[in-house]
Amino acid sequence: MPTPTRSSHAARGHRGAPQGPVRRTGRPSRSNSNKPRQAPKVAAPSALDIALTASQQLPPPPPRTFAQLGLPDAAVAVLARRGIHEPFAIQARALPDALAGHDVLARAQTGSGKTLAFGLPMLARLAGDAANRKSQRPRGLVLVPTRELARQVAGDLEPVATVLNLRVTTVFGGAPMGRQIEQLRRGVDVVVATPGRLMDLMEQRAVSLDSVEIAVLDEADHMADLGFLPAVPKIL
C-alpha cells in the first residue's frame, strides 16, 4: 500500500533580486513605479491533487466494523482493548482497497487515523506468511521523514503486529547502527525507516529489500521538504 501523503503546500511568493550598487550621477534615478507589478505565479493544481480532492468529496462508505472490513479477529480484539471500536473515515475508505492488494494514495490531517489506515492492511496481508521471515530481508517497508515519526509509527503498529506473530523494527539516524543491524539479522517483517539511515545500511549490505512486498511512503510532502525525496526512487 504505497504512498500515503498529506496536504500539498501553497506556492511561495516571488522574491525580488538583490539591488546592485547605487550610482551617484547627480541626476534623479528612473522609477519603475508606473509599471504594473506582475502577480506571483501560482502553480495550477496537478491531476493528482484534483483526483484527491474529488475523492474527498465522494459520499462516505456505508459504516462497517473492522471485522466486516476483513481484519483478522486477533487484530480486531487488540484494537478493541485500546478503545478503537470503529474505523475512522480514512480507514473506512482505504482498508478495502489496501486489503485487496491495490495501490492506495491517501491524504488526511494529523490525528485522523492515517497510520492504522496503511498499517493494518500491511500487517493483515503479511500475517499469512509470517513463517517466511528471513534474516536481513523485511517484507514490509514504511519510509518516514523523521526518527520521531518512525518511533510513533512503530509504536502504533507493534500491538497488532505482536498478536499476528510479526516483528517490527525501526531504522533511523542518531541511534547506534550496530543495534539496528543486529535486529535485522534476527529477522523482521516490517522496517520503519528514514531514507538516509536505510541507504547507509543498504550500502553496507546489512539489509536487502528484494523481499519487500508492501511499501509505504508516510508524509511524503515533509520528506520532500527535508530533501529526502531523491533517495526514495533509489530505495524503491
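**Ala98**

I began with Ala98, which lies in helix H4 of this predicted model; helices here are DSSP runs of H or I with at least four residues, strands are E runs of at least two, and both are numbered from the N terminus. Residue numbers count from 1 along each chain as its sequence is written, and the model being predicted, local features need pLDDT of at least 70, side-chain atom pairs count only at pLDDT 80 or more, and totals for chains, interfaces and linings use all residues. Side-chain values rest on heavy atoms, with hydrogens and water left out.

Is Ala98 buried or exposed? I found 3% relative accessibility, so Ala98 counts as buried (under 20% relative accessible area; exposed is over 50%, partly exposed in between, with a 1.4 Å probe and protein chains only). I then looked across to Arg125: 27 residues separate Ala98 and Arg125 in sequence, and their C-alpha atoms are 9.1 Å apart in space.

**H4 against H5**

Next I checked the helix pair that holds these two residues. Two packed helices are described by the angle between their axes and the distance between the axes. The axes of H4 and H5 cross at roughly 25 degrees and come within 9 Å (axes are lines fitted to C-alpha atoms, for helices over the stretch in contact, and angles run from 0 to 180 degrees between N-to-C directions). H4 is therefore roughly parallel to H5 (under 35 degrees; over 145 is roughly antiparallel, 65 to 115 roughly perpendicular, the rest oblique). I noted a right-handed crossing for H4 and H5, meaning that the near helix is turned clockwise from the far one by less than a right angle.

On the H4 side, Ile90, Gln91, Ala94, Leu95, Ala98 and Leu99 meet Lys114, Leu116, Ala117, Pro121, Ala124 and Arg125 in H5 (contact is heavy atoms within 4.5 Å). By class, I have nine nonpolar, one polar and two charged residues in the contact of H4 with H5 (Ala, Val, Leu, Ile, Met, Phe, Trp, Tyr, Cys and Pro are nonpolar, Asp, Glu, Lys and Arg charged, the others, Gly among them, polar).

**H5 against H6**

H5 (residues 114–127) also has H6 (residues 147–163) as a partner: their axes come within 10 Å and cross at roughly 40 degrees. H5 and H6 are therefore oblique to each other, and their crossing is right-handed. Which residues meet here? From H5 I listed Thr115, Leu116, Phe118, Gly119, Leu120 and Leu123, and from H6 Val153, Asp156, Leu157, Val160 and Ala161. This contact divides into eight nonpolar, two polar and one charged.

**The cores**

I then turned to the largest nonpolar core, with 33 residues (a set of buried Ala, Val, Leu, Ile, Met, Phe, Trp, Tyr and Cys joined through side-chain atoms within 4.5 Å). Leu71, Leu123, Val142, Val153, Val160, Val190 and Val192 touch the most other members. Elements supplying at least two residues each include H4, H5, H6 and strand S3 (190–193). Leaving out residues up to four places away in sequence, Leu71 touches Phe66, Val76, Leu79, Leu95, Leu99, Leu120 and Ala124. A second, separate core of 20 residues includes Ala206, Val207, Leu209 and Val232.

**Leu52**

Leu52 sits in helix H1 (residues 47–56) and is buried, with a relative accessible area of 8%. Beyond neighbours within four places in sequence, I found Leu52 in contact with Leu105 and Arg107.

**Whole chain**
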